[in-house]
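Colleague: Can you walk me through this model? I have a few quick questions.

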Amino acid sequence: MNQTHIHLLITHLPIIGAALGTLVLIHGIWRKSNSILIAAYNVLILSAIGAGIAYATGEGAEETVEHLQGISKNLIEEHAESALTSLAGLIVIGVIAVTGLFITIKSTSLTRPFALFAVGASLIGFGLIARTGYLGGQIRHTEIRTNTASPVKDRDGKDND
C-alpha cells in the first residue's frame, strides 16, 4: 500500500466525519445531552486528523497520477489549493472541537452557546472539505467534470437533447 492508496482511502473520512460530526452536534444541542456533544466533538477531532493525513499523502497521490493520460494538471493544482484551505479549516474545527470537549466536560454555562458556535464553524468546514473532495474526484472521474459533458446520441448518431 502506497501513499496513493492511503490518500484515496482516508479522503472520505474528513468529508463524512465533518458532516456526521455536525449532525451529531445538532442532535446533542437539541437533546441537551453532553454525552452526545462529546461524541460529536470526538468525530470532528477525528475528521481534522483525517484531513491532516489526506493532505500529507496528497503529494504522493499526485506523483502517481500526474503522468497518466487524461489527467489535467490544472485540476490537480486546483484540488491541491483547495486541500490546503480545507486543511486549515479543519485544523480550526479540530481546535474548536477540543475546546468544546473541555467546556462540555467541565459543564460550564458556555456548553450550549459554544456548541452553537461549533455547528456554524463545522458547517463551514464541511463546505470547504466537500468542495475539495469534489475537485479531487474530477481528477479521475471524467463523468463529473462540468466541461466534458456531451449530448446523448441516438442510434442514428443524432443529438438526443
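Modeller: What follows goes from the overall fold to the cores and then to one serine. This is a predicted model, in which local features need pLDDT of at least 70 and side-chain atom pairs count only at pLDDT 80 or more, while totals for chains, interfaces and linings use all residues. Residues are numbered from 1 along each chain as its sequence is written, and side-chain values use heavy atoms, with hydrogens and water left out.

Colleague: What is the mean pLDDT of the chain?

Modeller: The mean is 89, and 88% of the residues reach 70 or more; pLDDT is the predictor's confidence in each residue, from 0 to 100.

Colleague: How many helices and strands?

Modeller: There are 5 helices and 0 strands, in the order α-α-α-α-α along the sequence. Helices (H or I, at least four residues) and strands (E, at least two) are DSSP runs, numbered from the N terminus.

Colleague: And how much of the chain counts as buried?

Modeller: Of its 161 residues, 39%. Buried means under 20% relative accessible area, exposed over 50%, and partly exposed in between (1.4 Å probe, protein chains only).

Colleague: Which residues have the most contacts inside the largest nonpolar core?

Modeller: Leu25, Leu37, Tyr41 and Ala115, in a core of 23 residues. Helices α2, α3 (34-65), α4 (73-106) and α5 each give two or more residues to this core, and α4 provides the largest share, 7 residues. A nonpolar core is a set of buried Ala, Val, Leu, Ile, Met, Phe, Trp, Tyr and Cys residues joined through side-chain atoms within 4.5 Å.

Colleague: What does a second core include?

Modeller: That separate core has 5 residues, among them Val65, Leu75, Ile76 and Ile139.

Colleague: Back to leucine 37. What does it touch?

Modeller: Leaving out residues up to four places away in sequence, leucine 37 touches Leu25, Gly28, Ile29, Thr104, Thr111 and Ala115. Contact means heavy atoms within 4.5 Å.

Colleague: Which side chain makes a polar contact with that of serine 122?

Modeller: The side chain of threonine 22, at 2.9 Å. A polar contact is a pair of N or O atoms within 3.5 Å; within protein, one must be able to donate a hydrogen and the other to accept it, and residues adjacent in sequence count only if both atoms are side-chain atoms. Not counting residues up to four places away in sequence, serine 122 touches Thr22, Leu25, Leu44 and Ile93.
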